[in-house]
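Visitor: I'd like a close look at just one part of this model, please. Take your time and walk me through what surrounds it.

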Amino acid sequence: MNFGSDNQSGASEKILQAIVAANSGAESSYGTDRWTQQAEEKLAEFFETEVQVYFVASGTAANCLALSSLVSPWELIVCHSHAHILNDELSAPEFYTGGARLLGLDLDKPKLSESGLRQYLERFDGHDPHTSTPRALSLTQLSETGSAFSLDELSALTQLAKAYDMRVHMDGARFANALVGLGCTPAEMTWKLGVDVLCLGASKNGALAAEAVVFFDKSLAKDFEFRRKRAGHLLSKGRLLGSQFCAWLEADHWRGLAEKSNAAARRIMTGIEASAFAEVIWPVDGNEVFALIDNQKIKELRDAGAIFGEWPERFLSKGIARENATLVRLVSSFNTTDQELEQFLDILS
């Protein structure tokens with residue numbers, strides 16, 4: 001019963017077969033191969049617009065290199081207090097941006113709010129050259145709490161950021177799960193709302209290791225090929241990344257994978273809601289479930305082999321914590337089995 005992370009799942013069979021096929025024979029290097037070029041074309045179709053695309057092998061590299069294109073070293077990146085770039089990427093954002101600061105808002109809310117961002121920006125009193133000017137807004141979709149920003153919420157946040165001359169970055173590590181959950185198009189969730197650059201993650205949704213940095217404002221990408229090379233993230237055998245995205249995008253393979261993982265999360269959510277020993281605390285809009293579970297029941301689940309993580313107490317909103325219960329995160333994936341779900345829910349009930 002592995003609900004530790006979708007990072008712990010392997011690649012889909014279709015993507016593995018694509019890697020094997022791309023491995024055959026000699027091919028141009030450093031992203032000039034036919035698979036990479038096809039993947040770039042497919043992504044333009046996917047987003048219904050011209051895009052500038054760069055492939056890397058890790059989400060940290062994607063996020064931090066993208067942010068380095070949006071801010072100067074003396075500027076500020078605004079994000080949610082739970083954001084991955086703030087809590088789980090060490091000092092890589094500062095390293096790649098050359099020292100830009102990160103500021104987390106809305107600690108007691110499950111995702112960044114328009115009111116929280118507005119309050120900060122209206123109160124910001126620049127004191128050049130002594131204070132860092134907010135220059136980029138980073139949004140995570142799905143959010144770190146498993147809930148998705150609605151299109152209206154995204155629109156309000158991006159419009160507010162633009163009004164203050166900020167660029168907008170989206171961390172899309174679970175972009176496919178959010179897309180399926182909202183039932184919208186990739187274009188509707190990104191550039192049509194003002195997103196300047198998206199880090200599109202496939203690694204958590206069936207790929208072996210494949211992330212795409214997608215620039216909708218191509219002027220921001222003018223130095224990116226040098227940033228990627230300098231950072232050591234230009235793979236010589238670029239076909240290994242391009243082939244993964246070709247297979248991931250072909251016939252909406254990404255959608256089928258995300259639908260399976262989202263459906264598994266909904267089953268977990270339904271089981272928890274019916275249990276006397278646990279409660280779901282945040283909306284389940286993708287493949288993550290956050291729940292308070294009685295400590296004794298957690299022990300029973302783990303003794304039976306269940307794998308899941310505990311969420312930091314500092315991220316709990318006031319009034320949510322319960323005595324003798326712990327906040328845990330349960331993450332499903334495309335290869336979560338019915339047997340795993342049934343065993344987990346049987347113990348929980």
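Guide: Let's begin with Glu144, which touches His82, Ala83, His84, Glu288, Phe290 and Trp311, leaving aside residues up to four places away in sequence; touching here means heavy atoms within 4.5 Å. This is a predicted model, where local features need pLDDT of at least 70 and side-chain atom pairs count only at pLDDT 80 or more, while totals for chains, interfaces and linings use all residues. Residues are numbered from 1 along each chain as its sequence is written, and side-chain values use heavy atoms, with hydrogens and water left out.

Glu144 has 10% relative accessibility, so it counts as buried (under 20%; exposed is over 50% and partly exposed in between, with a 1.4 Å probe and protein chains only). Glu300 is 156 residues away from Glu144 along the chain, and their C-alpha atoms are 27 Å apart.

Where does Glu144 sit? Its place is the loop between β4 (134–140) and α7; helices are DSSP runs of H or I with at least four residues, strands are runs of E with at least two, and both are numbered from the N terminus.

Now follow the chain into α7 (residues 151–163), whose axis comes within 9 Å of that of α6 (residues 114–123). On the α6 side, Glu114, Leu117, Arg118 and Leu121 meet Ala156, Leu157 and Leu160 in α7. The residues of this contact divide into five nonpolar, no polar and two charged (Ala and Leu count as nonpolar, Glu and Arg as charged).

Terms used. Axes fitted to C-alpha atoms, helices over the stretch in contact; angles between N-to-C directions.
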